[in-house]
Amino acid sequence: MNIFELQSLRDPVFTTILLFFVIVVILLIYVTQKLHYITRLRKNIEAQDQTIGELDQQAKLIIKSDMELKLYQQEIEDKLTKLTLIKELIANSMHTLSKKDLFAQLNEHLIHTLGYQKALLFNFNELSIISEVGCNPKENQEIISLIKYKKEALKGLNILPRSSELLGQISAILKTKQLLVAPIKVLENIYAVLIVSNPIIPAEIKKPDEEAFSIICMYLCQCLDKIRLFESLYHTKDNLEKKIKERTAELVKSLRAIEVISKAKSDFISAVSHELRTPLTSVKGFSSLLVEEKFGKLPEEAKKRLITIDDNVNKLMTIVNTLLDIARIESGKMEVKIVPAELTKLIKDVTDLFTPQAAEKNITISVNTPASLNVLMDKSLIERALINLIGNAAKFTPAGGKITVNGRQVENQAVVSVEDTGCGIRQEDLNKIFQEFYRVSNPENAKIHGTGLGLSLVKRIIDTHKEKIWVDSNEGKGTIFSFTLRMLKNA
Amino acid sequence: MKKEEFTIALSERDREKAIKEVSLKIKSAFPKEVSHLIIFFTPHYNPVNIINSLNLTLKPKKIIGLGAPLLIHENRIIDKGIVACCINKTGVRSKEIIMKSNEADEIESLLRLSLQRKPHGGDSFLLSLLFPHLNPQTYLKSLHVSLGRSLPLLGLGYSNQYAPRAYQIINNSLNETSANFYIENISITSTQIHGYIPIGKPFIITKASSERGIIIEINDQPATNLYKHYLQEKFEAFKKHHLFSLYPLGIKLEGTRQLIHITDCLEDGSLVCTGEIRENSVGNIMLIDQSSANEALRQKMLLFEGINDALFFVVNSLSRKKILKNSAHSEINLLRETLSGSQNIIGVFSDYTLAPDKERGYITMDTASILVSAWQ
């Protein structure tokens, strides 16, 4: 440092200027630093603002999606609750066919689950309460009295709209704006009116609530319609049953009268037959003795006549015996013993009886049965039936013809049929041949003697066994009579 | 309280059957006499029938009854039923104060006169059941003036226009106005659990009317613009479905967040709300989900660790139930799980609760929280 420099330092002006410069420099440095700091702070603030802005944008997204989610969740929950309730109502009332049972479903549980504190259902025509939940009797009476004079306001509507004057008046009575009113109709006529009000959970009645209420009302309408149809059907059925009962009673009466007549006829036949049989037996005895010339030799002409008398007495005896058998069967006096028995042997034995007669007429008679058929039958009665059927076949089969007696098992039954190659029976006569004394009128038949009682007896014998008998015939070709008998179990 | 000092009962049957069932259950626990009976019932039951039936079967010395939209019993939310609690603890006394007026001055003098010689705190507390005719803010102001700001209090109230017919049973009569019950010889420990988390940019309430419960402007704009900002094109649907309660406002007051529940919006863009509103307070829109709710519940329930043999009285929020839906059931279930088997839970749902806020040192109103109190 030189002298000049030292002197300058001692100079106060110089020193002041120097200090000033130093301060200025320091200030400049400070300001520069501060400016730098402010710039940095600004940048930080801007960055933070940007972050906050971004966060705010994210908040927007979060809130929007959260709200949407909650709305959907709410909607789904509401719908699910209502659907469950409607399902429950339908399940409980699906098969209900009485109005009382149907309206009993509108109970406290249903109304509360639907979300309302109060409900009133009343008959629209009688203006009487059908059911109510949580209602005040005074309010109920006021509502019914109001609707009594405002019936027209409900007609043609499914649910009372918010703008309806009547809804406003009911709302004033119930002191709540949260209510729903709907008519319950059968066809187009209002049967009842349903009102629900005062939501349990504080909330305004919304569209889904209205829809659920409307669905329930529509369902009630459908149920009422179903009940109406059932009631009408029930009345028809009732009337029909009444008529059937009347007709049945008439038929029973007629049947009883027929039974009385039939019994009288059987009794008459039986009595007459009995009365005839005694003298006939005596006549037969004497005629037989006379024919056999036990009282001495008879002139030839007298003997001829006596033989004719004896033949006719035999026929008469057969008629009387058959009639007696029919009468006994009809009156239940004949003792029937249906027991296990062998059918094949019986068929063969009966057929053998007719072999000489058939041979005489040049008729082939054959038997076609399995080795054994164990059936349940009254042997003596079935024997008579077979004798009648094979005898008839022999009578109506012309010379050179053929008779076949078949016996076979069909499931748990034995089917016996007697087939001939006779003249056959006309179709119109088929359903009459089992009647007593009925004889088919044709030239062939006229030549053959018969009483018209044989088939009638056969039918009764088979009926006594609770089995079936039927006939198939081709006119000019032949006839087949068939009947069934029950096979013995494990046979 | 010990088991020999209280019992609880529930019935979910219909009408009189439910009252009979509850009476029989209590009678079997306390066959001799019933001192205090607290009974909560859903709107499905007729309060007159409840009074008649109780007087026939139990003949309690005192009845405190309340009709509520939903009840709580142990780990369940009951949507139809009667929940009762019988307290037979020695020395328990109660005094009812019915508030027919909704004027602050009258409420203040009524409370002062009714409770002037009663001790505030210790083993006594005030149970307030408030109905829509009374503005809760007015009531809180009167309460603070007359009885001080740190009074042990449990309060619940209904403000919603769709609230069910609010009934109280006070001994043998029905009451449709707000009432207080001063209960002696029972000490309470309480906490409010919300679990909401702030979301989005903070805002400032620039214009509000706390008396009318209206927020007029937020950030110098109509208050509804806050929701329009976040919901944009969804706002109309939001407004139409009255969904404001889904997103309450969380206002910062003395270091804590106070929830304000929005009930409606006016045509000028103002928001009608329940809760403590102050101009120039800062807040956020709040959001809750099950995990944040459960976490808050676990944290807050630590307060009750070490409390044995207590009856837990829970007041849950209707708007919280609306937001959490089915998660509200699991929340109650979780609440039950945090307590031991010897502790019983009963409760109701309401629109708002009143309880002392320890951090702020005075009674606050909450609209979306669970108020849990242990009675000993």
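Me: How many residues does the contact take from chain A and from chain B?
Reply: This is a predicted model, so to speak of local features pLDDT must be at least 70, side-chain atom pairs count only at pLDDT 80 or more, and totals for chains, interfaces and linings use all residues; side-chain values use heavy atoms, with hydrogens and water left out. Residues are numbered from 1 along each chain as its sequence is written, while chains are lettered from A and ligands numbered from 1 in the order in which they are written. Contact means heavy atoms within 4.5 Å. On that rule, the contact takes 27 residues from chain A and 34 residues from chain B.

Me: Which residue of chain A meets Lys80(B) in a salt bridge?
Reply: A salt bridge here is a side-chain nitrogen of Lys or Arg within 4 Å of a carboxyl oxygen of Asp or Glu. The rule finds four of them across the interface of chain A and chain B. For Lys80(B), the N to O distance is 3.6 Å, and the partner is Glu108(A).

Me: Which element gives the largest share of the side of chain A that touches chain B?
Reply: Helices (H or I, at least four residues) and strands (E, at least two) are DSSP runs, numbered from the N terminus. Elements giving two or more residues to this side of chain A are α2 (12-93), α4 (108-114) and β2 (129-133). The largest share, 15 residues, comes from α2(A).

Me: How many residues of strand β22 of chain B are buried?
Reply: Buried means under 20% relative accessible area, with exposed over 50% and partly exposed in between (1.4 Å probe, protein chains only). One side of β22(B) holds Asn344(B), Ile346(B), Val348(B) and Ser350(B), the other has Ile345(B), Gly347(B) and Phe349(B), and both faces are covered. The count for residues 344-350 is seven of seven.

Me: Which residue of β22(B) is the bridge partner of Val315(B)?
Reply: Two strands pair if DSSP finds at least two bridges between them. Strand β21 (residues 311-317) of chain B runs parallel to β22(B) over seven bridges, while β4 (residues 71-73) of chain B pairs with β22(B) in the antiparallel sense over three bridges. Leu71(B) stands opposite Val348(B), and the bridge partner of Val315(B) is also Val348(B).

Me: Is Gln192(B) buried or exposed?
Reply: Gln192(B) sits in strand β13 (residues 188-193) of chain B. The residues Gln192(B) touches include Lys300(B), Asp366(B) and Leu371(B), not counting residues up to four places away in sequence. With a relative accessible area of 13%, Gln192(B) is buried.
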